[in-house]
Amino acid sequence: MNYFQKKQLKSTQRSEDQQLISKNAVMIDVLISLTSNATCKEELKKLQEKLQYLTASDLSKVYDGDKKIANAIDDFKQWLYKEKDDAEKTAKMIKELYVLIAERNSKL
Amino acid sequence: MWPFKSKYQKLTREEVVDAICQLDKQSQELEDGLLEKQNKVNELMEKGRKETDKAIKLLYAKKINVLKKEREQDVQRILYLLYNSQLLNRLKNAIDDNQFFKNNTKMPLNKLLSDQKGLAKFLNQALNIRIAAEDILTDSDELFNAIEESYEKNETIYGMNEQDNALLAMLEQEDQVASEQELYEVNEKQKNVETKKE
């Protein structure tokens, strides 16, 4: 693979990562609409801001980290469909998302 | 490698989760409907008990039966949705497992482990180093033993000559005489004590 092909591959990987980051940020809106707890809504808005401004990267480890965040958001959504009013569990899941974001940033 | 992906390879986790959410939502709606129907049935039963007119009682009875049938159908649907949701959860877990094992095999250290020949060579080297080190110690131990065993005790310094032997015999005799004297004195004292008592 020559230099230009490598450069193109990296930019493709970076744009895919950027798309995934944007999608994760948008999915938080779904979570906000599903929860009825005001505190949780506030926390989710803060989390959404943090997610929106993550730096995209062409590293596969960082992309895997973003996928884990996407999976955690999906699980959160699935849980909220079933049980909307458990504030403790919601707080725990938000904290888990923060941990995943921190782990993802550590691989940059 | 086959260029075309199968349906399962194209399937994303998000799609599965969305499907599970939809099933859960339907199931929840049906459950809420069930409770409503149950309440209506109870209401109609109360009214039916209080009612005196037979025609109205019959009307209530028919309504109750209709509601009961609908309830049975709803229960069946909920069970079906539950089973469907369980299977989709299993599919979701399979997707997660697939991703988990793919990520783990990508790890550089795991890639090293897949090189079996290199690993065998490395382990053999480590074993040989260990054996060589142990051999050095055991050889040194044997050398110590061999040299110490070849040593003979110097009888002139540590052994007994004629003069030492004669002196030792004399000392032993003196010890024997002293001990017999003591014993004799003890016996005499005892005899004296016994005669005094008499």
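Of the 108 residues of chain A, 39% count as buried. Here buried means under 20% relative accessible area, exposed means over 50%, and partly exposed lies in between (1.4 Å probe, protein chains only). This is a predicted model, in which local features need pLDDT of at least 70 and side-chain atom pairs count only at pLDDT 80 or more, while totals for chains, interfaces and linings use all residues. Residues are numbered from 1 along each chain as its sequence is written, chains are lettered from A and ligands numbered from 1 in the order in which they are written, and side-chain values use heavy atoms, with hydrogens and water left out.

## Chain A

Chain A has four helices and zero strands. Helices (H or I, at least four residues) and strands (E, at least two) are DSSP runs, numbered from the N terminus. Read from the N terminus, the elements of chain A go α-α-α-α. The C-alpha trace of chain A spans about 55 × 20 × 20 Å along its principal axes.

N24(A) sits in helix α1 of chain A. With a relative accessible area of 3%, N24(A) is buried.

## Salt bridges

A salt bridge is a side-chain nitrogen of Lys or Arg within 4 Å of a carboxyl oxygen of Asp or Glu. The count over all chains comes to 13 salt bridges. Three of them are described here.

Within chain A, the side chains of R104(A) and D17(A) form a salt bridge at 3.4 Å, N to O. R104(A) lies in helix α4 (residues 87-106) and D17(A) in helix α1 (residues 3-34), so the pair ties together parts of chain A that are 87 residues apart in sequence. R104(A) is buried, at 1% relative accessibility. D17(A) is buried too, at 0%.

R13(B) and D75(A) meet through their side chains at 3.0 Å, N to O. R13(B) is in helix α2 of chain B and D75(A) in helix α3 (residues 60-82) of chain A, so this pair joins two chains. R13(B) is buried, with 8% relative accessible area. D75(A) is partly exposed, at 26%.

D18(B) and K77(A) form a salt bridge as well, at 2.3 Å, N to O. D18(B) belongs to helix α2 of chain B and K77(A) to helix α3 of chain A, so this pair also joins two chains. D18(B) is partly exposed, at 30% relative accessible area. K77(A) is buried, at 5%. Salt bridges that share partners link D75(A), R13(B), K92(B) and D96(B) into one network.

| Salt bridge | N to O distance |
|---|---|
| R104(A) and D17(A) | 3.4 Å |
| R13(B) and D75(A) | 3.0 Å |
| D18(B) and K77(A) | 2.3 Å |

## Surface patches on chain B

Patches are made of residues with over 30% relative accessible area and no salt bridge; like charges are joined within 9 Å, and nonpolar side chains (Val, Leu, Ile, Met, Phe, Trp, Tyr) within 5 Å.

Which residues form a negative surface patch? They are E29(B), E31(B), D32(B) and E36(B). E36(B) lies in helix α2 (residues 13-50) of chain B. It counts as exposed because its relative accessibility is 53%.

A nonpolar surface patch of about 470 Å² is made by M160(B), L167(B), L168(B), M170(B) and L171(B). L167(B) is part of helix α7 (residues 162-197) of chain B. L167(B) is partly exposed, at 46% relative accessible area.

How many aromatic pairs does a search of the whole structure find? It finds one over all chains. F100(B) and F101(B) form this edge-to-face pair, 5.2 Å centre to centre, with 75° between the planes. Rings of Phe, Tyr and Trp (its six-membered ring) pair if their centres lie within 6.5 Å; planes under 30 degrees apart count as stacked, over 60 as edge-to-face and the rest as tilted. F100(B) is partly exposed, at 47% relative accessibility. F101(B) is exposed, at 53%.N93(B) is found in helix α3 (residues 54-106) of chain B. N93(B) is partly exposed, with a relative accessible area of 43%. N93(B) and A61(B) are 32 residues apart in sequence, and their C-alpha atoms are 48 Å apart in space.

Note on methods. Accessible areas come from the Shrake-Rupley method with a 1.4 Å probe; for residues, only the protein chains shown count as cover. Lys and Arg count as positive and Asp and Glu as negative; His and the chain ends are not counted. The place of a charge is taken as NZ of Lys, CZ of Arg, CG of Asp or CD of Glu.
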